[in-house]
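Good morning, and thank you for coming.

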Amino acid sequence: MHSIYARVNNASALWSTCVMVLLGAVALSSFLFNADPKGDLGIVSLKVYHSKTRRYPFKNEEIGFVKFNLSADLTPLFNWNTKQLFVYLEAEYASAQGVNNTVVIWDRIVRSKEDAMIDVVQKDKYRLRDLSGSFSNVLAGQYSLKYNVMPYVGVLSYGEAARTSEAIEFPAARDSVS
């Protein structure tokens, strides 16, 4: 009665509907897991130096170098739907005009639960620069460790694992790296 094409169409429609329902259930089940990772973040030193810009050799700017201690346990974020984590250290500060700035100074991709224990003592991966070229009129900054959970199926989720307890002032710029 039915042709082979109609039978293949019915079988593939049933199969794709079952797969979509299963993927929807996986995505909805991710909302049941509420993890709250904890960590400690300490800024060891913050130094600012005068420098020449790369693009304009006669223009001066100030570059900040940050050394930090970071320890965090991100294993509660891993469940059966977690593909990987994007973890980053962020500096948040405001200029004298009231403009809020957020700069990523370190990041890492964590792909397994075994690598989710982070214990890092190092300097920044990316230099700290301000759009104005100077940190002289910048208010004290906060530093925080943030994460982004990337699931196999579902919605990305964001959070914060650690934050400095107090704001850290930007020092006066030095002429040379010592």
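Predicted model: local features only at pLDDT ≥ 70, side-chain atom pairs only at ≥ 80, totals over all residues.

**A lysine and its partners**

Lys 146 is buried, with a relative accessible area of 18%. Here, buried means under 20% relative accessible area, exposed means over 50%, and partly exposed means in between, with a 1.4 Å probe and protein chains only as cover.

Residues are numbered from 1 along each chain as its sequence is written, and side-chain values use heavy atoms, with hydrogens and water left out.

What does Lys 146 form with Glu 90? The two residues form a salt bridge, with the closest N and O atoms 2.8 Å apart. A salt bridge is a side-chain nitrogen of Lys or Arg within 4 Å of a carboxyl oxygen of Asp or Glu. Because Lys 146 lies in strand S7 and Glu 90 in strand S3 (residues 82-94), this pair ties together parts that are 56 residues apart in sequence. Helices (H or I, at least four residues) and strands (E, at least two) are DSSP runs, numbered from the N terminus. Glu 90 is buried, as is Lys 146.

Lys 146 also forms a salt bridge with Glu 92, and there the closest N and O atoms are 3.2 Å apart. Glu 92 is partly exposed, at 22% relative accessible area.

Turning to another pair, Glu 160 and Arg 163 meet through their side chains in a salt bridge of 3.0 Å, N to O. Glu 160 is partly exposed at 33%, and Arg 163 is partly exposed at 33%. Salt bridges with shared partners join Glu 90, Glu 92, Lys 146, Glu 160 and Arg 163 into one network. In total, the structure holds eight salt bridges.

**The largest pocket**

Next, please consider the largest pocket, which holds about 350 Å³ of space. A pocket is found on a 1 Å grid over the protein atoms alone, as an open set of points where a 1.4 Å probe fits, with protein on both sides within 12 Å along at least five of seven lines; lining residues have an atom within 4 Å of a point. Grid points are joined across faces, edges and corners, and the volume is the space filled by probe spheres set on the points.

Its lining has 19 residues, and Ser 30, Phe 33, Asn 79, Val 149 and Ser 157 lie nearest its centre. Strands S7 (142-151) and S8 are the elements that give two or more residues to this lining. The largest share, three residues, comes from S7.

**Two buried residues**

Finally, where is Phe 78 found? Phe 78 sits in the loop between strand S2 (60-73) and S3, and is buried at 11% relative accessible area. Leaving aside neighbours within four places in sequence, Phe 78 is in contact (heavy atoms within 4.5 Å) with Leu 85, Val 110, Arg 111, Ser 112, Lys 113 and Ala 116.

Thr 164 lies in the segment after strand S8 (157-163), and counts as buried at 7% relative accessibility.
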